[in-house]
Amino acid sequence: MPKDAAIPETSPTRPALKLGLRLDFTPGGRLGPGKADLLEAIGRTGSISAAGRAMTMSYRRAWLLVDDLNRMFKQPLVEAQPGGAKGGGARLTPLGIEVIAHYRAVERAVRDAGAAPLAALRDLIEPAPRPAPGEDEVVPDEDED
(Lines give C-alpha, C1' and ligand atoms only; values in the text may rest on other atoms or scores of the structure.)
Protein backbone atom coordinates (compact mmCIF):
# COMPACT_ATOMS: atom_id res chain seq x y z
CA MET A 1 0.00 0.00 0.00
CA PRO A 2 1.12 3.56 -0.38
CA LYS A 3 2.89 5.06 2.59
CA ASP A 4 -0.24 7.03 3.52
CA ALA A 5 -2.31 3.84 3.72
CA ALA A 6 -1.73 3.37 7.45
CA ILE A 7 -4.82 3.98 9.52
CA PRO A 8 -4.56 7.59 10.81
CA GLU A 9 -4.46 8.91 14.37
CA THR A 10 -1.32 7.10 15.48
CA SER A 11 0.26 8.20 18.74
CA PRO A 12 2.34 6.62 21.51
CA THR A 13 -0.90 5.44 23.11
CA ARG A 14 -2.58 4.57 19.81
CA PRO A 15 -0.50 2.10 17.77
CA ALA A 16 -0.29 2.14 14.00
CA LEU A 17 -2.11 -0.45 11.94
CA LYS A 18 -1.17 -1.07 8.33
CA LEU A 19 -3.37 -2.98 5.92
CA GLY A 20 -1.68 -5.01 3.18
CA LEU A 21 -3.54 -6.55 0.25
CA ARG A 22 -2.35 -9.56 -1.72
CA LEU A 23 -4.34 -10.94 -4.63
CA ASP A 24 -3.86 -14.65 -5.39
CA PHE A 25 -4.81 -15.52 -8.96
CA THR A 26 -5.86 -18.98 -10.12
CA PRO A 27 -4.23 -20.95 -11.73
CA GLY A 28 -1.24 -19.08 -10.36
CA GLY A 29 0.42 -15.80 -9.64
CA ARG A 30 0.18 -13.14 -6.99
CA LEU A 31 -0.03 -9.38 -6.95
CA GLY A 32 0.63 -7.57 -3.72
CA PRO A 33 2.06 -4.32 -2.41
CA GLY A 34 5.67 -5.21 -3.22
CA LYS A 35 5.04 -5.94 -6.90
CA ALA A 36 2.73 -2.93 -7.22
CA ASP A 37 5.41 -0.70 -5.65
CA LEU A 38 8.01 -2.18 -8.02
CA LEU A 39 5.84 -1.47 -11.06
CA GLU A 40 5.33 2.11 -9.89
CA ALA A 41 9.07 2.51 -9.29
CA ILE A 42 9.80 1.26 -12.82
CA GLY A 43 7.28 3.78 -14.11
CA ARG A 44 9.06 6.58 -12.20
CA THR A 45 12.66 5.57 -12.93
CA GLY A 46 12.38 4.01 -16.39
CA SER A 47 14.63 1.19 -15.21
CA ILE A 48 14.26 -2.19 -13.53
CA SER A 49 17.66 -1.86 -11.87
CA ALA A 50 16.99 1.69 -10.60
CA ALA A 51 13.56 0.61 -9.32
CA GLY A 52 15.16 -2.33 -7.52
CA ARG A 53 17.80 -0.08 -5.96
CA ALA A 54 15.11 2.36 -4.83
CA MET A 55 13.42 -0.53 -3.05
CA THR A 56 16.70 -1.95 -1.68
CA MET A 57 16.23 -5.01 -3.89
CA SER A 58 18.78 -6.71 -6.11
CA TYR A 59 18.45 -6.35 -9.86
CA ARG A 60 18.00 -10.13 -10.11
CA ARG A 61 15.10 -10.11 -7.63
CA ALA A 62 13.45 -7.16 -9.39
CA TRP A 63 13.91 -8.80 -12.80
CA LEU A 64 12.43 -12.10 -11.55
CA LEU A 65 9.38 -10.28 -10.16
CA VAL A 66 8.89 -8.41 -13.44
CA ASP A 67 9.24 -11.66 -15.38
CA ASP A 68 6.63 -13.26 -13.11
CA LEU A 69 4.25 -10.34 -13.68
CA ASN A 70 4.82 -10.35 -17.44
CA ARG A 71 3.96 -14.05 -17.65
CA MET A 72 0.95 -13.75 -15.32
CA PHE A 73 -1.08 -11.36 -17.48
CA LYS A 74 -2.34 -11.62 -21.07
CA GLN A 75 0.27 -9.11 -22.18
CA PRO A 76 3.51 -7.85 -20.59
CA LEU A 77 3.26 -5.14 -17.95
CA VAL A 78 6.86 -4.01 -18.43
CA GLU A 79 8.77 -3.68 -21.71
CA ALA A 80 12.52 -3.35 -22.17
CA GLN A 81 13.68 -0.23 -24.00
CA PRO A 82 16.42 -0.63 -26.58
CA GLY A 83 19.87 0.43 -25.43
CA GLY A 84 21.68 3.43 -26.73
CA ALA A 85 24.76 5.36 -25.74
CA LYS A 86 23.47 5.47 -22.16
CA GLY A 87 22.08 1.93 -22.16
CA GLY A 88 18.52 0.70 -22.25
CA GLY A 89 15.75 0.93 -19.76
CA ALA A 90 12.23 -0.27 -19.14
CA ARG A 91 8.78 1.19 -19.29
CA LEU A 92 5.32 0.22 -18.17
CA THR A 93 2.98 -0.87 -20.92
CA PRO A 94 -0.56 0.52 -21.04
CA LEU A 95 -1.66 -2.77 -19.42
CA GLY A 96 0.93 -2.28 -16.67
CA ILE A 97 -0.48 1.16 -15.92
CA GLU A 98 -4.02 -0.27 -15.94
CA VAL A 99 -3.10 -3.15 -13.59
CA ILE A 100 -1.56 -0.73 -11.06
CA ALA A 101 -4.63 1.51 -11.23
CA HIS A 102 -6.97 -1.43 -10.59
CA TYR A 103 -4.82 -2.78 -7.75
CA ARG A 104 -4.67 0.63 -6.02
CA ALA A 105 -8.45 1.05 -6.49
CA VAL A 106 -9.07 -2.29 -4.75
CA GLU A 107 -6.70 -1.23 -1.94
CA ARG A 108 -8.61 2.02 -1.43
CA ALA A 109 -11.98 0.24 -1.48
CA VAL A 110 -10.84 -2.35 1.09
CA ARG A 111 -9.27 0.31 3.30
CA ASP A 112 -12.38 2.51 3.14
CA ALA A 113 -14.79 -0.39 3.75
CA GLY A 114 -12.69 -1.72 6.62
CA ALA A 115 -11.94 1.61 8.32
CA ALA A 116 -14.27 1.10 11.30
CA PRO A 117 -13.33 -2.52 12.10
CA LEU A 118 -9.65 -1.72 11.58
CA ALA A 119 -9.91 1.20 13.99
CA ALA A 120 -11.61 -1.11 16.50
CA LEU A 121 -8.81 -3.67 16.12
CA ARG A 122 -6.19 -0.97 16.54
CA ASP A 123 -7.87 0.08 19.80
CA LEU A 124 -7.43 -3.49 21.07
CA ILE A 125 -3.67 -3.56 20.44
CA GLU A 126 -1.37 -3.12 23.44
CA PRO A 127 0.44 0.21 22.85
CA ALA A 128 3.67 -1.05 24.41
CA PRO A 129 4.22 -4.80 24.07
CA ARG A 130 4.50 -6.55 27.41
CA PRO A 131 7.92 -7.99 28.23
CA ALA A 132 8.51 -11.67 27.63
CA PRO A 133 8.44 -13.84 30.71
CA GLY A 134 11.70 -13.59 32.65
CA GLU A 135 13.92 -16.50 33.53
CA ASP A 136 12.60 -16.57 37.09
CA GLU A 137 8.99 -16.94 35.90
CA VAL A 138 7.62 -20.40 35.18
CA VAL A 139 6.11 -20.78 31.73
CA PRO A 140 3.79 -23.80 31.52
CA ASP A 141 4.49 -26.40 28.87
CA GLU A 142 1.84 -26.91 26.20
CA ASP A 143 1.29 -30.47 27.42
CA GLU A 144 0.45 -29.40 30.99
CA ASP A 145 -3.13 -28.55 31.96
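What follows is a walk through this structure, from the whole chain down to single residues.

A bit of housekeeping comes before the tour. This is a predicted model, so local features are taken at pLDDT of at least 70 and side-chain atom pairs at pLDDT 80 or more, while totals for chains, interfaces and linings use all residues. Residues are numbered from 1 along each chain as its sequence is written, and side-chain values use heavy atoms, with hydrogens and water left out.

Start with the overall layout. The chain has five helices and four strands, where helices (H or I, at least four residues) and strands (E, at least two) are DSSP runs numbered from the N terminus. Going along the sequence, they come in the order β-β-α-α-α-β-β-α-α. Of the 145 residues, 29% are buried; here buried means under 20% relative accessible area, exposed means over 50%, and partly exposed covers what is in between (1.4 Å probe, protein chains only). The chain exposes about 10,100 Å², and carbon and sulfur atoms supply 56% of that area. Accessible areas come from the Shrake-Rupley method with a 1.4 Å probe, and for residues only the protein chains shown count as cover. Contacts tell you about the fold too: among those between residues at least 6 apart in sequence, 52% join residues at least 24 apart, a contact being heavy atoms within 4.5 Å.

Now zoom in on helix α4, residues 94–113. Its 20 residues reach 29 Å from the first C-alpha to the last, close to the 28 Å expected at 1.5 Å a residue; the expected span is 1.5 Å times one less than the number of residues. The buried residues of α4 are G96, V99, I100, Y103, R104, E107 and R111. Looking down the axis of α4, these buried residues fall within an arc of 125°, so they line one face of the helix. That arc is taken over the directions from the helix axis to the C-beta atoms. On the other side of α4, P94, D112 and A113 are exposed. And what sits over the buried residues of α4? The cover includes β1 (23–24), β2 (30–31), α1 (33–45), β4 (89–92) and α5 (115–124).

R104 and A36 are 68 residues apart in sequence, yet their C-alpha atoms are 8.3 Å apart in space.

On to the charged pairs. Side chains of opposite charge can pair when their charged atoms come close. The structure holds eight salt bridges, each a side-chain nitrogen of Lys or Arg within 4 Å of a carboxyl oxygen of Asp or Glu. D24 takes part in two of the bridges described here: R22 pairs with D24, with the closest N and O atoms 2.9 Å apart, and the side chains of D24 and R30 meet at 3.1 Å, N to O. R22 is partly exposed at 48% relative accessible area, D24 is partly exposed at 45%, and R30 is partly exposed at 46%.

R71 is exposed, at 60% relative accessibility, whereas D67 is partly exposed, at 24%. Elsewhere, salt bridges that share partners join D37, E40, R104 and E107 into one network.

Helix α3 (residues 59–72) also contains Y59, which is partly exposed at 46% relative accessibility. Y59, W63 and L64 form a nonpolar patch on the surface, with about 300 Å² of accessible area together. Patches are made of residues with over 30% relative accessible area and no salt bridge, with like charges joined within 9 Å and nonpolar side chains (Val, Leu, Ile, Met, Phe, Trp, Tyr) joined within 5 Å.

Finally, some backbone details. Most residues other than glycine have a negative phi, and most peptide bonds are trans. The peptide bond from T26 to P27 is cis, with omega near 20°, and P27 is in the loop between β1 and β2. T56, a residue other than glycine, has a positive phi near 50°. T56 sits in the loop between α2 (48–54) and α3, and is exposed, with a relative accessible area of 75%.
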